[in-house]
Amino acid sequence: MTVLKHLRGGVSSVSAFLKETLNFMFPDCCMVCGKLADADDRFSQYEEFCRAYYGRPSGLHMCGKCLSSFAPNDSDRRWMFCLSDPYDGDPHPDLPLYMPLSYEGAAKSAVPAVKFGKKPALAGFMGCLLGTCLKSDSVHADLIVPIPLSASRMKERGFNQAEEIARPAAAVLGIPYAGNVLIRTRDTDRQTELKGNLSRIANVSGAFGTSEEWDIRGLSVIVVDDVATTGFTLHEAAEALFEAGAAKVLCAAVAGNRLAKNAEVY
Ligand SMILES: [Zn+2]
């Protein structure tokens with residue numbers, strides 16, 4: 001069944017299937033490129049963090065080549081504005097969007113590997129990286145929250161990649177993580193499958209609310225997703241947080257495909 005599912009998806013899915021099979025047969029294969037992962041001393045610090053934080057090894061396997069391409073951009077290229085609807089005006093035009101990596105190379109391969117290859121350990125690594133970058137840029141907040149996954153996608157995937165990223169990021173920053181502040185008010189299509197800004201805006205418009213269990217009035221909140229392209233999803237989530245009384249919101253993703261600097265908003 002799994003074979004058929006992959007074959008139906010075409011050549012890229014076949015290669016994903018081969019990688020998955022390789023990983024099953026050789027669990028030490030790199031979780032990003034599928035090649036045999038050599039032991040790399042650079043992971044020792046990360047292993048220490050995982051043992052301290054999770055009380056177990058990271059479960060991460062990555063070759064030195066992929067690890068090297070997870071190099072964050074310079075600090076001044078990590079900050080952008082988060083997009084909302086550029087046509088009707090934005091109530092929060094200065095909403096900051098933080099993305100330390102460009103969505104290319106290993107980062108671009110890692111995101112689908114996490115989601116479709118079901119590799120939360122890889123998301124954990126990216127979360128640690130995001131937290132380390134935020135810390136090095138002296139970012140602080142009262143709370144970190146992930147973008148929630150719809151119930152149907154959670155059932156299909158078994159984990160929420162944004163949670164797996166946000167939790168270690170919070171640990172690195174030493175601030176509380178709250179997984180259930182944001183809630184999905186309805187299911188949405190995958191943003192990457194939609195063409196054009198208007199359909200992407202419509203897809204996520206009003207898709208988030210906040211849980212009544214939380215009082216976030218006056219708090220500064222970091223909302224985390226795996227990747228940001230336009231930033232519409234994060235912007236909608238931020239709107240829900242502002243609605244619930246958050247004083248400040250920072251949108252953050254591990255990687256993004258907007259290479260423009262801060263001054264070039266769109
Ligand atoms: Zn690799």
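Colleague: Which residues in H6 and H8 meet?

Modeller: Two residues are in contact if their C-beta atoms, placed from the backbone, lie within 7 Å. Helices (H or I, at least four residues) and strands (E, at least two) are DSSP runs, numbered from the N terminus. On the H6 side the meeting residues are Pro120, Ala123, Gly124, Met126, Gly127, Cys128, Leu130, Gly131, Thr132, Leu134 and Lys135. On the H8 side they are Gln161, Glu164, Ile165, Ala166, Arg167, Pro168, Ala169, Ala171, Val172 and Leu173. This is a predicted model, in which local features need pLDDT of at least 70 and side-chain atom pairs count only at pLDDT 80 or more, while totals for chains, interfaces and linings use all residues. Residues are numbered from 1 along each chain as its sequence is written.

Colleague: At what angle do the axes of H6 and H8 cross?

Modeller: Axes are lines fitted to C-alpha atoms, for helices over the stretch in contact, and angles run from 0 to 180 degrees between N-to-C directions. The axes of H6 and helix H8 (residues 161-173) cross at roughly 40 degrees and come within 7 Å. Angles under 35 degrees count as roughly parallel, over 145 as roughly antiparallel, 65 to 115 as roughly perpendicular and the rest as oblique. H6 and H8 are therefore oblique to each other. A crossing is left-handed if the near helix is turned anticlockwise from the far one by less than a right angle, and right-handed if clockwise; that of H6 and H8 is right-handed.

Colleague: How do H5 and H6 pack?

Modeller: Helix H5 (residues 105-115) packs with H6 at an angle of about 135 degrees, the axes being 8 Å apart. H5 and H6 are therefore oblique to each other, and their crossing is left-handed. Ala110, Ala113 and Val114 in H5 meet Pro120, Leu122, Ala123 and Met126 in H6.

Colleague: Is serine 138 buried or exposed?

Modeller: A residue is buried if 20 or more other C-beta atoms lie within 10 Å of its own, exposed if 12 or fewer, and partly exposed in between. Serine 138 counts as exposed because it has 7 C-beta neighbours inside 10 Å. Lysine 118 has 15 such neighbours and so counts as partly exposed. Buried residues make up 41% of the 266 residues in the protein.

Colleague: How many residues has the largest nonpolar core?

Modeller: A nonpolar core is a set of buried Ala, Val, Leu, Ile, Met, Phe, Trp, Tyr and Cys residues joined through C-beta atoms within 7 Å. The largest has 74 residues, and Val221, Val223, Val224, Leu234, Cys251 and Val254 have the most contacts inside it. Helix H6 (residues 120-136) supplies the largest share of this core, nine residues. Domain bounds come from an automatic or database domain assignment. Because domain 1 (1-68) and domain 2 (72-256) both give residues to this core, it lies between them.

Colleague: Which residues does valine 224 touch?

Modeller: Leaving aside residues up to four places away in sequence, valine 224 touches Ile144, Pro146, Ile147, Ala162, Ile165, Ala166, Ala169 and Ala252.
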